[in-house]
Amino acid sequence: MEALTAEEPRELGPYRMRARLRETGTARVYLAHGADGRGVSVTAARPDLAALPAFRSRFRDEARAAERLAGPWVAPVLATGPEEWLPWLATPFAAALTLAEAVALAGPLPEATVRTLGAALATTLERAHAVTGRAFQGLGADVVLLTADGPLVTAFGVLGGASAASAGEGGRLGVTVGYLTPEQVAGQKPGPAADVFMLGMLLTYAAGGAGPFDAGPADAAAHRIAHSVPDLTPVPAALRPLLGRCLAKAPGARPTPAEVAAELVPGGVDAVLPDGWLPPRVATAIAERAAQARELPGVTLGGTVLWPADAPPGAAPVPAAPQAPPATPATPDSAPPLPAWSAPQPVPAPAATAPGGGSPLSRIAADRRSLLTAGLASVAGLALGAGAVLAFDGDSGGTDSKSTADAKPAARPLPVPGAPPTARWGYAVPGGKLLGTPLAQGAVLVVPGAALTGVDLRTGRQLWNRPELAGVAQLQPADTDLAFGAGPADFVWFAVADGSIHQKVPYASLAPGMGTPEVRAHAGTTVWFTATAGKDAALYAYDIAHRTVLWRRPVGRGETFEWATPYGGQLVSRRPAAAPPKGAKQVLAEFFAVDPKTGKDVWSRTYGSVLPTDEAVLAPDGTLLTTAGGGLQAFDLTTTNPRWQHPKGKAPYGTPAPGKGVVYVPDSGTQVTALGAADGQQRWAGTTDLALGTPVETHMVAGASGRTVLALDPFQVTAFDAASGARLWKFQDAGTKEESADRGRYRAVAADADTAVVWHGATLYALPVS
């Protein structure tokens, strides 16, 4: 960190700049704070580049990519200002060293650290390729940060990863990339496999202290990249085979990012985080930087407001409550043991004592200079593409410098355990919008969208397309050959084999003025739906075989029937109780049963202290599973007696999913737990390996075979072995770059014994889950 100069900005958007953290080829990164005083990192474009339309266009693209990639190992974007005089992007501040600084300070990193770093970066590449469908080009020793809680990627494309940039004739933007790949040397456009090559270079540098093509004159570096065997001698022997494959000349011979992550850390990155993943000398330097950042006026790394929103840059900070001292950094004597898959490494020497005296900024600046001076020789080995300039004109792509590469594809290795399976097929929903849950019936998947379509479950081939059934959703099986759905104005019955319409029943014929129904439950040939006719809302029981209304029941106080489950010949639902129990302040959830023949209430009961907002699931055996109090409780539906209780974990539990003799329950973080359905005893606990600081909504889907269970969150699908809890693989879809950042969580249906259909947005995938 260094003090601001006179020409540097003092405010960008809602943030006040306090110090410069570092510089990149296209931007400067500042430590700043908003009205609440919390530290943020603001990346601001260089003024000379900000005037170029081509730069602003690419900055907007990379800012959007940053917003969509927030999650594992990528800091969330707090705000952006792509149209301001200096385009900027803000993320939460994290005390860190760049990878270049860490290697300069401590030398080659331990194998355990390199494995963790590589798995986290590979996971980020996997997500980036899935979200954008193109090369990430945002890796570099100066843009990968090492924090106490794990690595962070701070660049989101060629601008962020560039070593230099300049304005050319006619407003063109020239970007000097900090590396080359064999395909770029050959004048080809880099694809996703180019990122794997760069990852191999970074990890070689991290593990050995030098790049794999450093030996030799700098002006011949491109030739060595295209033709020479990488020098992996300084790298631990256990890492050489994988890094050698990452550095294969032919893009098709390189492993996928998922394979790299699975091979580096078979148990997932969470197995070595957040404690003890860094060597002591690096951890100490990061802790010192955090302490120095706390000394800056107006900045806090906690939640205390230290600077009023209207204070001028030179004003004194408002006194704040004393903060807890920073955690004592790790020392060589207290370094945790390395994971079993890592070879022992020598412990680095203790860090030198930082010079005392002077202002916080002067000490930080001195620390930065010493790190950079010590690391110039090592970092130079990564700037192999210093002469390769990509030219951009508006939104056009880049053109690489040309040479010739003579490479033969290497033999592909055997599949890596833990790598995601290859989808049996993918299917893009016509019109780009999925209107509800697809229906798997026999060998056909019926997909509701702008048109109703039928897809062969075995091949993904479209069997039929019915634009006349646009908007038909809430699909249910009607019998062996027919399906039932609710359209904009009618109930519709259609043949699953070809989509031909067999029957339509207008809603107006069921009740004058009836709006589109909401199907709440389905059992046998009966569906229960709610609908409003005029001002009257009612619950209907409808026989879809005979196409007749069985009964109509007005919706009572607080009833919505959004939670409704058929059980024991009755429809069970819940509503708020009429009044809280004696001495209680909150109204409890009242569960009640409706007679499917008459629509009348049969019984109503409360269960413990279950609230209307608590998650609740009724298992097939009559066990009511609820998340009251943050834990998981099981009640007998008939007697209301508690069956068992599982205490709250590290985070509150989400919706439980009953399986065969087991209950799967996710928490709001990364953990998935399997409990015995009879006794609530823990069978196993696993992690989705999702490094997030904010809660996520995860849902579970058990495979039809009972051998696999899927955890689905907004970022990925994680498969677990249902018996042991071993994490089998993670899957992320390709999506499209035009789709919005928020496409909800992944969803899935168990199509048959060994297939799950997964979607996220408007693309469906058939995944093997046997």
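Which ring does the charged end of Arg605 sit over? Keep that in mind while you look around; this is a predicted model, and here are my notes on it.

1. **Charges over rings.** To settle the opening question: the charged end of Arg605 sits over the ring of Trp603, 3.7 Å from its centre. Have a look at Arg575 too, which lies over the face of Phe592, at 3.8 Å from the ring centre.

2. **Phe592 has another partner.** The ring centres of Phe592 and Phe561 are 5.8 Å apart and the planes are at 75°, so this pair counts as edge-to-face. It joins distant parts of the chain, 31 residues apart: Phe592 is in strand 28, while Phe561 is in the loop between strand 25 and strand 26. Both are buried, Phe561 with a relative accessible area of 1% and Phe592 with 0%.

3. In one of them, Phe529 and Tyr540 have ring centres 4.9 Å apart and planes at 10°, so they are stacked. Phe529 belongs to strand 23 and Tyr540 to strand 24, so the pair ties together parts eleven residues apart in sequence. Phe529 and Tyr540 are both buried. They also belong to one aromatic cluster, whose members include Phe484, Trp493 and Tyr507.

4. **Salt bridges.** Side chains of opposite charge can pair when their charged atoms come close. Searching the whole structure turns up 21 salt bridges. One of them joins Arg115 to Glu111, with the closest N and O atoms 2.7 Å apart. These two residues sit four apart in helix 4, so about one helical turn separates them. The general idea is that an α-helix has 3.6 residues a turn, so residues three or four places apart point the same way. Arg115 and Glu111 are both buried.

5. **Two more bridges to find.** Arg643 meets Asp636 with the closest N and O atoms 2.7 Å apart. Arg643 is partly exposed at 35% relative accessibility, whereas Asp636 is buried at 16%. Then there is Arg28 with Glu23, at 3.7 Å from N to O. Arg28 is partly exposed at 25%, and Glu23 is partly exposed at 42%. Arg28 and Glu23 are part of a salt-bridge network that also takes in Glu2, Glu8 and Arg20.

6. **Helix 7.** This helix covers residues 192–208 and reaches 25 Å from its first C-alpha to its last, close to the expected 24 Å. Of its 17 residues, 15 are buried, so helix 7 is largely enclosed by the rest of the structure.

Conventions
Residues numbered from 1 in each chain as written. Predicted model: local features only at pLDDT ≥ 70, side-chain atom pairs only at ≥ 80, totals over all residues. Heavy atoms only, no water. Salt bridge = Lys/Arg side-chain N within 4 Å of Asp/Glu carboxyl O. Buried < 20%, exposed > 50% of the residue type's maximum accessible area, 1.4 Å probe, protein only. Expected span 1.5 Å × (residues − 1). Phe/Tyr/Trp six-rings, centres within 6.5 Å; stacked < 30°, edge-to-face > 60°. Lys NZ or Arg CZ within 6 Å of the ring centre and 35° of its normal.
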